[in-house]
Amino acid sequence: MLVVKQNQMRQAHELSGFFRFKADRNACSGSEAWENGLVGDVHELAVPGSWNEQARDLHDFFGEGWYEREFTVPDGWQGQRVWLRIGSTAGNARVWLDGHLLGQHRGPHLPFEFELTAYVRYGETQRLSIAVDNTLVHYDLPPGQARSDEDRAAGQCSAKPDVAYDFFPSGGIHRPVWLYTTGAAKIESLQVATNFQGTQGHLHLRTTVCGEGAAELQAVVDGKRYVFPVDQCSVFGECVIENVRLWSPEDPHLYQLELQLVSSKCELLDYYTQAVGVRTIRVEGHSLLLNDQPIFLRGVGKHEDFPVIGKGWMPSCVVRDFDLMRWMGANSFRTTHYPYAEEMLDYADRHGMLVIAETPFVGLKEHLYTDDMLARAQDTIEEMIVRDYNHPSVILWSMANEPNVRSEAGRTFFKGMADKARSMDATRPIMFVAHQWPDNNLGAEFYDMIGVNKYYGWYSDPGDIDGSLQKLIDNLEAFNKEFDCPVMLAEFGADAVAGIHSDPPAMFTEEYQAQTIEKQYNAVKDLPWMVGTHVWAFADFKTQQSYTRVNGNRKGLFTRNRHPKMAAHTVRRLWTGQ
């Protein structure tokens, strides 16, 4: 499933905008056949966007929400195959066209598509219905409820909503919705692995095509044309670039790869372009090497989160976030704690920002380590890697965040995820992100690198920054010795409510946050096996309501509206000297 692009062989039309919306609060959508049209009291909501942010009465709705809109497929699209692509939904989804079930998709944050050709009435108005199920479930990937139904019935909950992770479980269609066309034969998938030898760059193409009539795939890159035969819907080939410019944060050079699918009669059947950055990334000993050179990751963890849009895709917000990260001197970020919009990764490719791409597996605990859940996890890993494989900015796959893994079942689960990731991509290292030592990390031995989330001076030794510095170093060193691999401090920091100050620094003040980050960064940055530090977090973000939160998580270097706190200036000085 390729990204939607419009060219001489493919037409495209975005359906994002205003949709009618109705919350199924009483589980009546089936008996009332909502796929045949929403009636009664409905909202009009924006897509992309989170429904919880757009209407007050939807703020605490976590269930199945129905979206509906009309559209018309142009007469000029006749003779083409017509597809619907949904960038992501916050949970499971089912999709209908004029009451015909097109299909369903399981899981959040990744795209899916259906072919509409058999149901299209060209030039006529048709109805699209999308049901998005954001019900919070304890036994799910990721788990919604922090506790089982039995525990909740017994009154064991500490937050509203009582989710298994520290961010708000926003519901909705969060990324663009597209209609697009292809011919009867099309390029269906493309993976481009890159490496280099001396001044010569190599592109290793793996492509699948579908439909009849395709005889060869022609590839053009750096002014050279290559011709590869189509063998039972598969194409394998290599392109060579002389005097190659390697992709890096300092020089994010991208080559344009043009693909032409051609019939035996030399007819053009499909056309597609892919931006390609030539680079290598690997772990060697206790180092992380980009283009054979050690690299130290300076950056942040962040969320897709902003007022009014929630987790919805908004290009201007991405531009602003990257501008602020560059201003601080960051060279990287992690997609905490789910795959981000592919458009954001395109932007990272063009602007030289390194990305640790993470699955949506946050809050994993022992009750989830079953064969059924492993199969689901592996399906999601495959979807994520297939989607993001061609991004040079993506340098690491992170398989989960802060899992509790204490059993052999858990070890098997995390080995199964590691095996799946390596089978899908042998060109990138994989990372295990831990938070407790030593008994919570079975399975980490199967990973290339360890990320550690530690909050000394906050959750541990609260108020004591100086007294806990050696504990931080000892904790990180224990991971390095146990797993004999590179370690990064994947999260560290402290909450600060903007505008709150004290002398001497006290918890929740801007001074305390700034000192925590500066002293801990300086304490660990020169450790010989340390390959990076990511401050948590880039910006304040919306969470569940709890006595541990002050209207959200306030560990951001910036407020939720992207205004800098004192710590943002501190980080800029540490990373740029300014």
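**Burial of an arginine, and its partner**

Determine whether Arg 560 is buried or exposed, and find which residue it meets in a salt bridge.

Solution. Start with accessibility. Arg 560 has a relative accessible area of 19%, so it is buried. The classes are: buried under 20% relative accessible area, exposed over 50%, partly exposed in between, with a 1.4 Å probe and protein chains only. This is a predicted model, in which local features need pLDDT of at least 70 and side-chain atom pairs count only at pLDDT 80 or more, while totals for chains, interfaces and linings use all residues. Residues are numbered from 1 along each chain as its sequence is written, and side-chain values use heavy atoms, without hydrogens and water.

Next, the partner. A salt bridge puts a side-chain nitrogen of Lys or Arg within 4 Å of a carboxyl oxygen of Asp or Glu. Arg 560 meets Glu 53 this way, at 3.1 Å from N to O. Glu 53 sits in helix α1 (residues 51-54), and Arg 560 in the loop between β30 and α9 (566-576), 507 residues away. Helices (H or I, at least four residues) and strands (E, at least two) are DSSP runs, numbered from the N terminus.

**Further salt bridges**

How many salt bridges are counted? Locate the pair formed by Arg 10 and the pair formed by Asp 60.

Solution. The count is 37. Take Arg 10 first. Its partner is Asp 270, with the closest N and O atoms 2.7 Å apart. Arg 10 lies in the segment before β1 (12-14) and Asp 270 in strand β19 (residues 268-276), so the bridge ties together parts 260 residues apart in sequence. Now check burial. Arg 10 is buried at 2%, and Asp 270 is buried at 0%.

Then Asp 60. It pairs with Lys 160, and the closest N and O atoms are 3.7 Å apart. Asp 60 is in the loop between α1 and β5 (64-72), and Lys 160 in the loop between α2 (149-153) and β11 (172-173), 100 residues apart. Both ends are partly exposed: Asp 60 at 39%, Lys 160 at 48%.

**Cysteines**

Solution. Cys 210 is buried at 15% relative accessibility. Cys 317 is buried too, at 10%.

**The barrel and its helices**

Trace the closed barrel, then state which elements α8 touches and which elements the buried residues of α9 pack against.

Solution. The barrel has 8 strands in parallel pairing, in the order β23-β24-β25-β26-β27-β28-β29-β30. Its twist averages 25 degrees from one strand to the next. Pairing requires at least two bridges found by DSSP. β29 (residues 487-491) and β30 (residues 530-536) have 3 parallel bridges, with Val 487 opposite Met 530. Helix α8 (residues 510-524) packs on the sheet and touches β23 (297-301), β29 and β30; its direction makes about 170 degrees with that of β30. Axes are lines fitted to C-alpha atoms, for helices over the stretch in contact, and angles run from 0 to 180 degrees between N-to-C directions. Contact means heavy atoms within 4.5 Å.

Move to α9. Its buried residues include Ala 567, Val 571 and Trp 575. The buried residues of α9 pack against β23, α3 (315-328), α8 and β30. Gly 577 follows α9, with a positive phi near 80 degrees.

**A hairpin and a strand residue**

In the β7-β8 hairpin, which residue takes a positive phi? List contacts of Gln 191.

Solution. β7 (residues 92-97) and β8 (residues 100-105) pair antiparallel over 5 bridges. Leu 97 bridges to His 100. With 2 residues between the strands, Asp 98 takes the positive phi, near 50 degrees. Gln 191 belongs to strand β13 (residues 186-197) and is buried at 16%. Beyond neighbours within four places in sequence, its contacts include His 204, Arg 206, Tyr 389 and Met 424.
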